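Here are my notes on this model, point by point. Please read them with the structure open.

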Amino acid sequence: MAHFQGLALKLLALALALGSISYGKPAAAEEAGNKGAEIYCFMRQAGNPHGVSWDAAYARIKRQSSGLFKTSPEHAAVLITETVVTNKDKYSSCAKFLGALYSGREEVGVDSIPGASANPSKSSDTSRYNY
């Protein structure tokens with residue numbers, strides 16, 4: 001339980017940091033984050049696994065980007081996180097899925113259980129950010 005609280009505090013600190021950084025964010029990036037969050041959260045809430053939901057959301061964010069450079073997977077994850085955190089009422093049931101954007105784990109809260117053995121194929125998925 002203490003590990004889960006530590007993770008929650010880290011996510012809160014990240015959300016606060018993102019809130020202060022996102023001031024003046026270009027409208028295109030904000031729109032891409034909104035669309036990505038809508039897709040990712042809808043699919044996760046419908047029972048789809050992280051990988052499928054991430055692929056769909058990231059494809060939409062990449063397509064939305066109008067800049068010379070493609071949006072990196074890490075930046076796309078931040079855009080989704082920013083959108084969920086700044087629109088807490090709209091995405092209240094999606095917050096529990098945000099950790100998977102950074103860890104790749106399918107199970108919510110699996111690393112909060114001492115001695116829990118995660119499925120290695122899910123926890124060692126390094127392909128989630130391939131593009």
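1. A disulfide is here a pair of cysteine sulfur atoms within 2.5 Å. A search of the whole structure finds one. This disulfide joins Cys41 to Cys94, with an S to S distance of 1.9 Å. The pair links distant parts of the chain, 53 residues apart: Cys41 is in helix 2, and Cys94 is in the loop between helix 4 and helix 5. Helices (H or I, at least four residues) are DSSP runs, numbered from the N terminus.

2. On the basis of the notes: this is a predicted model, where local features need pLDDT of at least 70, side-chain atom pairs count only at pLDDT 80 or more, and totals for chains, interfaces and linings use all residues. Residues are numbered from 1 along each chain as its sequence is written, and side-chain values use heavy atoms, with hydrogens and water left out.

3. Which hand does the disulfide have? The torsion about the S-S bond of Cys41 and Cys94 is about -80°, so the disulfide is left-handed. Cys41 has a relative accessible area of 2% and is buried. Cys94 is buried at 0%. Buried means under 20% relative accessible area, exposed over 50%, partly exposed in between (1.4 Å probe, protein chains only).

4. Next, the core. A nonpolar core is a set of buried Ala, Val, Leu, Ile, Met, Phe, Trp, Tyr and Cys residues joined through side-chain atoms within 4.5 Å. The largest one has 20 residues. Tyr40, Trp54, Ile80, Val84 and Leu101 have the most contacts inside it. At least two residues of this core come from each of helix 2 (27-45), helix 3 (50-64), helix 4 (73-86) and helix 5 (98-103).

5. What does Tyr40 touch? Contact means heavy atoms within 4.5 Å. Leaving aside neighbours within four places in sequence, the contacts of Tyr40 are His50, Ser53, Trp54, Ala57, Ile80, Phe97, Ala100 and Leu101. The side chains of His50 and Tyr40 also make a polar contact at 2.9 Å. A polar contact is a pair of N or O atoms within 3.5 Å; within protein, one must be able to donate a hydrogen and the other to accept it, and residues adjacent in sequence count only if both atoms are side-chain atoms. His50 and Tyr40 are 10 residues apart in sequence, and their C-alpha atoms are 8.3 Å apart. His50 lies in helix 3 and is buried, at 1% relative accessibility.

6. The structure holds one aromatic pair. The rings of Trp54 and Tyr58 have centres 5.2 Å apart and planes at 5°, so the pair is stacked. Rings of Phe, Tyr and Trp (its six-membered ring) pair if their centres lie within 6.5 Å; planes under 30 degrees apart count as stacked, over 60 as edge-to-face and the rest as tilted. Both residues lie in helix 3, four residues apart, about one turn of the helix. Trp54 and Tyr58 are both buried.

7. Helix 4 deserves a look. Its buried residues are Pro73, Ala76, Ala77, Leu79, Ile80, Thr81, Glu82, Thr83 and Val84. Ala77 has a relative accessible area of 0%.

8. Ala37 lies in helix 2 and is buried at 0% relative accessibility. Not counting residues up to four places away in sequence, Ala37 touches Phe42, Ile80, Thr83, Val84 and Tyr91. The C-alpha atoms of Ala37 and Leu79 are separated by 7.9 Å, and the two are 42 residues apart along the chain.
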